[in-house]
Amino acid sequence: MASPTSVHWLSLVGSVWLQTINGPNSDFPVYSSQLKDVKGISQVQLNFLAFASDAGKLLGWLAGVAALYVPLWAVALVGAAFGLVGYGVQFLFLESPRLAYWHLFALTALAGNGICWINTVCYLLCINNFPSDSRVAVSLATSYLGLSAKFYTTMSDTLPDLGYSSAKKYLLLNAVVPMLITLLVVPSLRVVKPGSGKRTDVGFLAMFAITLATGACAVVGSIGSKSLGLSSKEHMISLYVMLAVPLLIPVVLRVRESMAKIREAAMWENRVHDLCSDESVVEMEVDVPSKEEEVVEKEQGVELEHGEGQGEEVGGLRLLRRFDFWLYFFSYMFSGTLGLVFLNNLGQIAESRRLSDPSTLVSLSSSFGFFGRLLPAFLDYYTAKSGYSISRTASMAALMAPMAGAFFLMLHPLDMLLYTSTAVIGTCTGAITSVAVSATSELFGTKNFGVNHNVLVANIPVGSLCFGYLAGLLYQREAGGSGNRCIGAACYRDTFLLWGLTCAVGTGLCTALYARCAKRTHGDKKGPEVSGAGSTVV
């Protein structure tokens, strides 16, 4: 198998940093109530703003097309520029009456589209630079997206008092931070050929340890900082340190590579000296690759050409004609997207339950979402070492069932159940989002992955519109004559019930998709004709 070099690991570190800051929309629940007051908008209009960020994903496939023709670093810069304009203009003119509601909607959609461009870069880097471990690399990188809300809320708490409101502070961070980090990691955003040599697991083991420590740091900051006496500044510094630690992996590998080259040069000089000092017959030695080396080269070629866990190559309009695609589309919308809608409403949910600090609930969901995104990486790594892999559709179905139960659990007004359910939904949503990246290539191949996955995530704005609008209507109904605010567990009771039932339907759809794939795979083993995953045409 190909051995990742220091350059490959540097690209993974760059992807990790990009994913950490590529969720500026995840802090929306923290300042949504203040935004509602500043612009004088209703709950339904506020939910439409949450939808606007997801609406940008409708054109996310443009990022996949662009990645086919321009360098990945340029794609990332375009995404960061969209965010800079989208959130930057809101920051400058938030309190101005000239900034109308439709301006907010359009600017938020532009910033949401920028997220797709950066995500596409990260996915393609992981898939192409780690062909034999693409699932693990993707899961590791995308797990850090779960830290975005935590990262931004902690950074906001540590900012000096500049006279800005909470909403303007978050808008400033959302605009500036992604551009700064993208400029910082631009040199690492390139696809590199696999290295030669024996593959080692040390890099991934070290990355797992660092990632777990980072997640533990985030959880401590979310639920235990006050009891431990940690200030926001101390917690922010600890997060910075943990995010910088992965740099040690490419640095150490670079030192080892340099030492290996020095030793190789010294051996070659000694060899030439021995040949020249031999007065009898000077024989030129030609290195002929052994059979084992030829096998390794062939395996590397297969990995580069076919990738890991690749199904039939499907793209374009053929994708939309697959029945499996629509099962996949709606099962994702009724689970992962539904979880994202829930997270977007956390600010209003916390306010309706009279929680003093909504950022605590948002940080909790972010931290557990991080571990949820990391879970598939562990499973992929250890099952691959055992010689088998877990079906991605089966994993998604197994993650949807606890989500449905968590929604039903929140029908009880106890605050502890709200916190518990938020942690469960955050974990499952993060895991489903991470698994879906590999599931797309497993079902429809890697050749058109950039376009295919962005077509899939078009379900996010559709689901955000439907579920968010429904939640806003039910909230307004419960508010009655008390203006735009609703207080009490009844505000979201009907919403949680409908969301739980919807998630249960999504579990059934994903189970059906798994059954179809399993049946087809079993049939392929029996019969001489082989058809790729997702090959049924409607």
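**Cavities, salt bridges and a surface patch**

By class, the residues lining the second largest cavity are 7 nonpolar, 5 polar and 2 charged. Here Ala, Val, Leu, Ile, Met, Phe, Trp, Tyr, Cys and Pro count as nonpolar, Asp, Glu, Lys and Arg as charged, and the others, Gly among them, as polar.

Before I go on, a note on the source. This is a predicted model, in which local features need pLDDT of at least 70 and side-chain atom pairs count only at pLDDT 80 or more, while totals for chains, interfaces and linings use all residues. Residues are numbered from 1 along each chain as its sequence is written, and side-chain values use heavy atoms, with hydrogens and water left out.

Back to the second largest cavity. Its volume is about 110 Å³. Of the 14 residues that line this cavity, F28, Y31, L49, Y87 and T108 are the closest to its centre. Helices α2 (28-39), α3 (43-55) and α5 (72-93) each supply at least two lining residues, and α3 gives the most, with 4 residues. Helices are DSSP runs of H or I, at least four residues, numbered from the N terminus.

A cavity is a set of points, on a 1 Å grid over the protein atoms alone, where a 1.4 Å probe fits but cannot get out; lining residues have an atom within 4 Å of a point. Grid points are joined across faces, edges and corners, and a volume is the space filled by probe spheres set on the points.

How many cavities of 30 Å³ or more does the structure hold? There are 6. Two or more lining residues come from each of α6 (101-129), α8 (148-158), α15 (323-344), α17 (358-385), α19 (415-444) and α20 (449-456). That lining has 14 nonpolar, 19 polar and 3 charged residues.

Next, the charged pairs. The structure holds 4 salt bridges, each a side-chain nitrogen of Lys or Arg within 4 Å of a carboxyl oxygen of Asp or Glu.

D324 and R516 meet in one of them, at 2.6 Å, N to O. D324 lies in helix α15 and R516 in helix α22, so the pair ties together parts that are 192 residues apart in sequence. Is D324 buried or exposed? D324 counts as buried, at 0% relative accessibility, whereas R516 is partly exposed at 24%. Buried means under 20% relative accessible area, exposed over 50%, and partly exposed in between (1.4 Å probe, protein chains only).

D54 and K57 also form a salt bridge, at 3.5 Å, N to O. D54 is buried at 5% relative accessibility, and K57 is buried at 10%.

The side chains of D494 and R477 meet at 2.4 Å, N to O. D494 is in helix α22 and R477 in helix α21, so this pair ties together parts 17 residues apart in sequence. R477, E478 and D494 are linked in a network of salt bridges.

Last, the loop between α14 and α15. R322 lies in this loop and is buried, at 4% relative accessibility. R322 and F444 are 122 residues apart in sequence, and 9.9 Å apart in space, C-alpha to C-alpha.

How values were computed:
On a 1 Å grid over the protein atoms alone, a cavity is a set of points where a 1.4 Å probe fits but cannot get out, and a pocket is an open set with protein on both sides within 12 Å along at least five of seven lines; lining residues have an atom within 4 Å of a point.
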